[in-house]
Amino acid sequence: MNVPRLRFAHLPTPVETLPCLSDALGGARLLIKRDDQTGLAFGGNKTRKLEFLVAEAREQGAKTLISGGALQSNHCRQTAAAAARFGFECILVLTGDKPQQASGNLLLDQLFGVEIVYVADRKDRDTILQETFDRATTEGKKPYLVPYGGSNATGALGYAFAMKELIEQSVGADWIVFATSSGGTHAGLLLGQRIFGFSGKILGISVDEPEEWLKKEVSQLASATSEKVGERIDFTPADVLVNASYCDAGYGVVTEREREAIHMFASCEGLLLDPVYTGRAAAGLIDLIRKGFFKTNETVLFLHTGGQPALFAAQYAHRVQ
């Protein structure tokens with residue numbers, strides 16, 4: 001498994017018990033893996049992926065990292081920080097109007113010195129991202145395109161090895177529950193489960209995508225990622241566990257479920273979630289516990305993928321009070 005990697009994440013991230021939350025919900029025993037503490041620019045799950053993506057960019061002689069996402073993208077914030085740390089220029093294509101005053105992740109992007117291209121309509125983002133990449137190429141900036149969410153076969157390696165790390169921590173989880181969207185974290189965990197021998201189940205709570213799309217995307221991405229570490233493993237949609245029951249409100253729309261989850265984690269355990277990803281995944285976890293989906297003698301590990309800077313973004317702050 002000789003894959004180029006830059007080791008800058010703070011690993012291993014700790015696993016903690018959640019006794020007060022477990023008691024409050026009266027269901028399965030709850031643990032949390034703190035991938036919000038990976039160290040880069042307030043941490044988050046994208047840091048693990050960037051260890052492989054930035055290494056690949058270096059191998060290819062790139063000078064500029066280019067990526068895209070929502071205005072409050074956690075992925076873009078960590079990409080911007082990695083670029084600053086390793087001497088790359090960085091251009092971000094962000095969906096949304098330029099605000100009068102930056103806050104949350106956008107403020108951090110600006111602190112890292114990136115060039116930001118604002119896109120008013122999300123349907124135009126792919127086109128403008130490609131145009132931005134082509135312009136950088138023409139200008140001799142030697143760009144490397146970091147995919148949305150860091151979710152390609154290179155980035156997904158971060159969570160294949162995260163599964164190895166988790167197994168070595170001997171926490172004995174029956175379930176791993178986490179937010180899934182672009183599929184890279186999900187695919188990496190699925191591959192890591194297979195090659196390192198995790199006996200529990202992996203359940204992604206969809207933030208925005210339908211179940212069938214995620215099953216297809218994650219299985220294909222896990223299969224492609226396997227080729228980077230050995231012989232190809234063919235995953236099928238049936239191998240992927242997804243619950244898409246909590247994303248009907250739409251991406252970034254904070255409902256009463258997210259508010260309750262954020263407040264419960266904060267008031268019971270002193271832990272902060274974000275409004276978009278971990279808030280929605282935790283809302284799903286809480287609802288599933290209340291419905292008896294998990295057995296009371298099971299141990300459920302919640303993977304905290306970070307994102308807390310979005311709590312301080314103007315468009316979210318008033319929604320989680």
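**Entry 1**

In which segment does Pro12 lie? I looked this up in the model, which is a predicted one. Pro12 lies in the segment before strand 1, the strand of residues 15-17. I then checked the peptide bond between Leu11 and Pro12 and found it cis, with omega at about -5 degrees. Leu11 comes back in the entry on the second largest pocket, where Leu11 is among the residues nearest the centre.

**Entry 2: a backbone angle**

I noted a positive phi at Phe42, near 75 degrees, in a residue that is not glycine. Phe42 sits in the loop between strand 2 (29-34) and helix 2.

**Entry 3: helix 2 against helix 3**

I took helix 2 (residues 46-59) and helix 3 (residues 74-85) as a pair, and their axes come within 10 Å and cross at roughly 45 degrees. Helix 2 is therefore oblique to helix 3. I recorded the crossing of helix 2 and helix 3 as right-handed. On the helix 2 side the contact is made by Lys46, Thr47, Leu50 and Val54, and on the helix 3 side by His75, Gln78, Thr79 and Ala82. I sorted the residues of this contact between helix 2 and helix 3 by class and got three nonpolar, four polar and one charged.

**Entry 4: helix 2 against helix 6**

Next I looked at helix 2 with helix 6, which pack with their axes 7 Å apart at an angle of about 135 degrees. That angle makes helix 2 oblique to helix 6. Helix 2 passes helix 6 in a right-handed crossing. From helix 2 I listed Arg48, Lys49, Phe52, Leu53 and Glu56. They meet Thr154, Gly155, Leu157, Gly158, Tyr159, Phe161, Ala162 and Glu165 in helix 6. The contact of helix 2 with helix 6 divides into six nonpolar, three polar and four charged residues.

**Entry 5: helix 9 against helix 10**

What is the angle between helix 9 and helix 10? For helix 9 (residues 256-269) and helix 10 (residues 278-290) I have about 90 degrees, with the axes 8 Å apart. The two helices, helix 9 and helix 10, are therefore roughly perpendicular to each other. Helix 9 makes the contact with Arg257, Glu258, Glu260, Ala261, Ile262, Met264 and Phe265. Helix 10 makes it with Gly279, Arg280, Ala282, Ala283, Ile286, Asp287 and Arg290. My tally by class for helix 9 with helix 10 is seven nonpolar, one polar and six charged residues.

**Entry 6: the largest pocket**

I turned to open space and noted a volume of about 700 Å³ for the largest pocket. The largest pocket is lined by 32 residues, and those closest to its centre are Tyr148, Gly149, Ser181, Ser182 and Tyr277. I wrote down the elements that give two or more residues to this lining: helix 2, strand 3 (64-70), helix 3, helix 5 (125-138), strand 7 (175-180), helix 7 (184-196) and helix 8 (211-226). By class, the lining of the largest pocket has six nonpolar, 18 polar and eight charged residues.

**Entry 7: the second largest pocket**

The second largest pocket has a volume of about 190 Å³. I counted 13 residues in its lining, with Arg5, Arg7, Leu11, Phe161 and Glu165 nearest the centre. The elements that give two or more residues to the lining of the second largest pocket are helix 2 and helix 6 (153-168). Helix 6 gives the most to this lining, with five residues. I sorted the lining of the second largest pocket by class and found six nonpolar, no polar and seven charged residues.

**Entry 8: the cavity**

How many cavities of 30 Å³ or more does a search of the whole structure find? I found one. About 50 Å³ of space lies in the largest cavity. I listed Lys33, Tyr159, Ala162, Met163, Leu166, Ile176, Leu189, Leu301 and Leu303 as the residues that line the largest cavity. Helix 6 and strand 10 (299-304) are the elements that give two or more residues to this lining. The largest share, four residues, comes from helix 6. By class I have eight nonpolar, no polar and one charged residues in the lining of the largest cavity.

Note on methods
Residues are numbered from 1 along each chain as its sequence is written. This is a predicted model: local features need pLDDT of at least 70, side-chain atom pairs count only at pLDDT 80 or more; totals for chains, interfaces and linings use all residues. Side-chain values use heavy atoms; hydrogens and water are left out. Axes are lines fitted to C-alpha atoms, for helices over the stretch in contact, and angles run from 0 to 180 degrees between N-to-C directions. Angles under 35 degrees count as roughly parallel, over 145 as roughly antiparallel, 65 to 115 as roughly perpendicular and the rest as oblique. A crossing is left-handed if the near helix is turned anticlockwise from the far one by less than a right angle, and right-handed if clockwise. Contact means heavy atoms within 4.5 Å. Ala, Val, Leu, Ile, Met, Phe, Trp, Tyr, Cys and Pro count as nonpolar, Asp, Glu, Lys and Arg as charged, and the others, Gly among them, as polar. On a 1 Å grid over the protein atoms alone, a cavity is a set of points where a 1.4 Å probe fits but cannot get out, and a pocket is an open set with protein on both sides within 12 Å along at least five of seven lines; lining residues have an atom within 4 Å of a point. Grid points are joined across faces, edges and corners, and a volume is the space filled by probe spheres set on the points.
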